[in-house]
Amino acid sequence: MEDEVIRAAQARKGSPFLNTAQAAFYVGLSHRTLEKMRLTGGGPRFRKHGRYVRYHIDDLDAWSVGERRDSTSDRRDAS
């Protein structure tokens, strides 16, 4: 886990792109959850660089802001 933190911090400095494990740590989810979200939708935007999936930090931040709620009973917008 600490290795992922270090790698995510280094990626933030050098490149805005994170792999699935780094992106999952960045938003506080498991990498399996992000993988499932890629298949079902509703997760953060991602990019394919060749055969590699990459998440841009700005896309992760934008997705996180869109997930903001005022209470647990708030419904997700249908946008």
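Me: In which helix is Ala8 found?
Reply: This is a predicted model: local features need pLDDT of at least 70, side-chain atom pairs count only at pLDDT 80 or more, and totals for chains, interfaces and linings use all residues. Residues are numbered from 1 along each chain as its sequence is written, and side-chain values use heavy atoms, with hydrogens and water left out. Helices are DSSP runs of H or I with at least four residues, strands are runs of E with at least two, and both are numbered from the N terminus. The run that holds Ala8 covers residues 2-14, helix H1.

Me: Does Ala8 count as buried or exposed?
Reply: Buried means under 20% relative accessible area, exposed means over 50%, and partly exposed lies in between (1.4 Å probe, protein chains only). Ala8 has 10% relative accessibility, so the residue counts as buried.

Me: Which residues does Ala8 touch, not counting those up to four places away in sequence?
Reply: A contact needs heavy atoms within 4.5 Å. With residues up to four places away set aside, the partners of Ala8 are Leu18 and Gln22.

Me: What distance separates the C-alpha atoms of Ala8 and Val65?
Reply: Ala8 and Val65 are 57 residues apart along the chain. Their C-alpha atoms are separated by 20 Å.

Me: What pattern does the protein follow along the sequence?
Reply: The protein has 4 helices and 3 strands. Read along the sequence, they give the pattern α-β-α-α-β-β-α.

Me: What is the order of the strands in the open sheet?
Reply: Two strands pair if DSSP finds at least two bridges between them. The sheet has 3 strands with antiparallel pairing. Strand E1 (17-18) and strand E2 (47-49) each pair on one side only, as edge strands. The order is E1-E3-E2.

Me: Which residue of E3 is the bridge partner of Leu18?
Reply: E1 runs antiparallel to strand E3 (residues 52-56), and 2 bridges join them. Phe17 stands opposite His56 in E3. The bridge partner of Leu18 is Tyr55.

Me: Which residue of E3 stands opposite Arg47?
Reply: E2 and E3 run antiparallel and are joined by 3 bridges. Their hairpin has 2 residues between the strands, and Gly50 takes a positive phi near 65°. Opposite Arg47 stands Arg54.

Me: Why is the pair of Phe46 and Tyr55 called tilted?
Reply: Rings of Phe, Tyr and Trp (its six-membered ring) pair if their centres lie within 6.5 Å; planes under 30 degrees apart are stacked, over 60 edge-to-face, and the rest tilted. By this rule the count is 1 aromatic pair. The centres of the Phe46 and Tyr55 rings are 6.2 Å apart and their planes stand at 55°, so the pair is tilted.

Me: Which residue has its charged end over the ring of Phe46?
Reply: A charge sits over a ring if NZ of Lys or CZ of Arg is within 6 Å of the ring centre and within 35 degrees of the ring normal. Here the charged end is 5.8 Å from the centre of the Phe46 ring, and it belongs to Arg38.

Me: At what angle do helix H2 and H4 pack?
Reply: Axes are lines fitted to C-alpha atoms, for helices over the stretch in contact, and angles run from 0 to 180 degrees between N-to-C directions. The axes of H2 (residues 20-27) and H4 are 11 Å apart. Ala23, Tyr26 and Val27 of H2 make the contact with Ile57, Leu60, Asp61 and Trp63 of H4. The packing angle is about 35°.

Me: At what angle does helix H4 run to E3?
Reply: H4 covers residues 57-66 and lies across E1, E2 and E3. Its angle to E3 is about 60°.
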